[in-house]
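Here are a few notes to go with your first look at this one. Have the structure open while you read.

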Amino acid sequence: MSTETTTEVDINDIDEVDQLRYVAARAADARVNIELETEGMTLNIGPQHPATHGTLRIVARLDGERVIQAEPIMGYMHRGYEKLTEVRTYPQVTTLINRIDWVGSFANEVPFILASEELMGVEAPPRAQYIRTALFEMGRIANIMLFLGDMPVQLGGVTPLFYAMRDREFVLNQIESATGGRFHPNFNRIGGVKDDLPAGWIKETKSAMQRVRDFCDEMDDLVTGNEIFQSRCRGVGIIPADVGKAYGLSGANLRGSGVDWDLRRDQPSPLAWKDLDWKVWTHPDGDSFSRFWVRLQEVRESSLMVDQILDGLPAGPIMAKVPRIIKVPAGESYVQTENPLGVMGYYVISKGELTPFRVKIRTASFSNMSITPWLLEGVYVPDIATILASLYFILGDIDR
Amino acid sequence: MPKVPGMLVGLGVTAKTFFKTVFPDGPTGPPAPSKGSHTVQYPHVKEAPPDRARGVIALHHDNCTSCMLCARECPDWCIYIEGHKELAPPRRAGGKPRQKNKLDRFDIDFALCMFCGICVEVCPFDALFWSPEFEFSELKIADLLHDKSRLADWMETVPDYPAYESGSEVKVKKLPSPSS
Amino acid sequence: MTPIIAELAYWQETVLRGLVGLVAVLLPTGALVYMFLFKMMSFMQSRLGPMEAGPYGQLQLLAEFGKFLQKEDIFPSKADRFVFAAAPFVVLVSTFLLVLVLPGGPDAHFVDLNTGIYFAMAVSSVSVIGIMMAGWGSNSKYSLLGGIRAAGQLIAYELPLVLSVVGVVIMAGTLNLKGIVLAQSDFGIWFIIPQFLGFLIFLVSIQAELTQPPFDMPVAESELVTGYMTEYSGIRFLLFFIGEFATAAVFSAIGATLFLGGWTIPFVDGSSEIMNWIGPLVLAVKMVLIAFLIFWFRMTYPRFREDQLQRLAWKFLIPLSLLNIVITAIFKVVF
């Protein structure tokens, strides 16, 4: 791109007004040339944008419709959780951490409670573990159903979102009848769960799970079978398995690349997964379609797991013997679980006081976002929406 | 049988939902979208939340001894309690006068409240209860501070505790009788 | 109609034509917005849509009109004021020009052009200019992206649109829209049956010309907010909105004229006097049928990516429509 659009003139040969005019003309040319430089238009996607699931900002340099470089800027929603936990007692921390991944909310509490129970040397009774697993899986179903409705919207099909919201209501109603809160159950306690299930809950939940399965069949018809959806998603945003592992991805993002790793099966845990008959779904392709497909199968599998849990619910107490005022003995403990978004872990350091000394929260979405600059290089602008939707992050999970 | 292209199957799904919404009683029934849709025309029709829903907190005055446990444990410190001690007449003639706590002020600021339930759980005298009522929006934020009498009024809306599922070893709690 | 028109003075006739023209564009627009956007979309999504304004939400459009009227008229700071302000009107002009040639009955038309369909296809391209003006004049990168995408898409889908109509023209032997309708009643069948391929291509092309999903890359809501309309507010946005639905109504009416027999109903003579009064209603019903198809596709499908869109138009639809023309021509000459 040549910058020589005016002929060279010796500036001292002309009078002042003309000098000014000349300088202004050169400056204008230079400005136009910079803007016409096809090395990129910088487009700022977010933090207020329909595609970014919250306050995420992506600064993308575009060449026409191709992305040359994209960089996510996180932190617009930082709420200071890890600092907050230093000055809150254990029940108060349980309340607060519900709000990290606010969609699959029960799952946020579980690793923290398990870590604290490990430090206290307490184990919850089997009935409590079964109830925890049931609610954990229902949180997973609610979370991923939101994803299943939201990804087609990012691609342009508005209707699946309404079906997802409609059928998700049944699951949320069941969580509410047991715990009192649709999105923030606050139901785990160190040593067990807060309360037992009300009568009739098991039957209602099973019919809700049947609705979830019907919804999955509808999604198969409406979305995964749709040729337009497939052509938008297949081959877009391919994550090879080793690259995914190197960037620290977890959850369905890795399983969509063929990595057969699921903490529910591969890690010993006091919760009830070891007693259930279920399978881990993987897909070899590693593109956006495979991530969508894996999550769809996971919802179906989770609904079958909830049915098994409720069939095999053991009788017994729901709370172990713990003192009224919880003082966790000194020590450190790290527990991670397979949350709906990926692997979530809590590293709890206690000095024997009422409040934890330090809680480090390892969230799945923060690590999932790290692959974004690598993944978004060289894709079209519409594919940015597809890829971000298929990685599926929740802003509260990224920014804490 | 050749596979129907996915796009046509998708059209079928939306058409089926359309007909299920407009004709909820099947093709022979009358068109009734208000019945077939999954939405509820609030505020003309109201859906009742489950009994355990955490809507608002109710206070049973007689049980409260202003021990301040709820105010201490609240993550947001939204409960304001003031009380003083009074001498009540002895239970039997010739005995010592008893000390009773009298509540002056018990306010919960629902603008701050996170609806977590720690206060209800931690109260040793069962003075706080959950009620599923949720329609208490105000035009001014200051009106979201519910004082003692308003919290006592919420007690009427607290539902009885339901029975538990079979296999449970938890005893069903009972609500206190309405205070005088 | 003709005897009544002949009695009026020229200025009275002009006013009457103006009013009828406005009604002919705005009434179907309102009906389409209410029936399909508010109600059909809602029922397909298991919900009810607007219900509060008027019985079953029928006055919602009036409420929306009032809402848009009282909004602030925002001009982006470095926007090209004239271009920005004129863009919605350019889009609307093409719609109103289109309705000029639409026949509602043997004599119920504004202008009886011998090149009716040719004029219609030419004039429908004017909206491309309006969209590009909106995209450029907004001084916003999102709008620019939307405008450029629209230019590429709308120009690409002009060709299949025109070529799919050529098959009908060959069968009818005339470009005059009234002649095409009467030819269908002479043949005894509506052109949708022999020209089914042409009808499908026509449907896909008008879906793209209206920038409706699955072809709504210019207005890709999840990426570009509202594409070329992002910086518009208030009445200007409403004009775009009306333009979108009015064009949908008019294109559906043109489709009904070309493929579904226009104002004629079977077993009734197409050129009788009574059809001047019943004809517009018949045309309205057929227009609603085609609009139903357009909106049904809109609700169900996600959108194509820009390159897939272009590939579909250039590599698939144009050869197919050329094939359609060849087959029609062969049949016309041989039989």
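1. Start with the contacts in chain B: counting those with a separation of 6 or more, 64% are between residues 24 or more positions apart. Keep in mind that this is a predicted model.

2. Now the overall dimensions. Chain B has a radius of gyration of 25 Å, whereas a compact globule of 180 residues would come out near 16 Å. Along the principal axes, the C-alpha atoms of chain B fill a box of roughly 95 × 45 × 30 Å. As for burial, 23% of the 180 residues in chain B count as buried.

3. What is chain B built from? It has 5 helices and 5 strands. Reading from the N terminus, the order of the elements in chain B is α-α-β-α-β-β-α-β-β-α.

4. Over in chain A, have a look at the open sheet of 3 strands, ordered β6-β7-β8 with antiparallel pairing. Its edge strands are β6 (331-339) and β8 (358-362) of chain A, each of which pairs on one side only. On average, neighbouring strands of this sheet are turned by 10° against each other, direction ignored.

5. How many bridges join β6(A) to β7 of chain A? There are 9, and β7 (residues 342-350) runs antiparallel to β6(A). To find one pair on screen, pick A:Glu332: its bridge partner in β7(A) is A:Ile349.

6. Last, the helix on this sheet. Helix α4 (residues 106-120) of chain A packs there, touching β6 and β7 of chain A. The direction of α4 makes about 150° with that of β6(A).

How values were computed:
Residues are numbered from 1 along each chain as its sequence is written. Chains are lettered from A and ligands numbered from 1 in the order in which they are written. This is a predicted model: local features need pLDDT of at least 70, side-chain atom pairs count only at pLDDT 80 or more; totals for chains, interfaces and linings use all residues. Two strands pair if DSSP finds at least two bridges between them. Helices (H or I, at least four residues) and strands (E, at least two) are DSSP runs, numbered from the N terminus. Axes are lines fitted to C-alpha atoms, for helices over the stretch in contact, and angles run from 0 to 180 degrees between N-to-C directions. Two residues are in contact if their C-beta atoms, placed from the backbone, lie within 7 Å. The radius of gyration is taken over C-alpha atoms; the globule rule is 2.2 Å times the number of residues to the power 0.38. A residue is buried if 20 or more other C-beta atoms lie within 10 Å of its own, exposed if 12 or fewer, and partly exposed in between; C-beta atoms are placed from the backbone.
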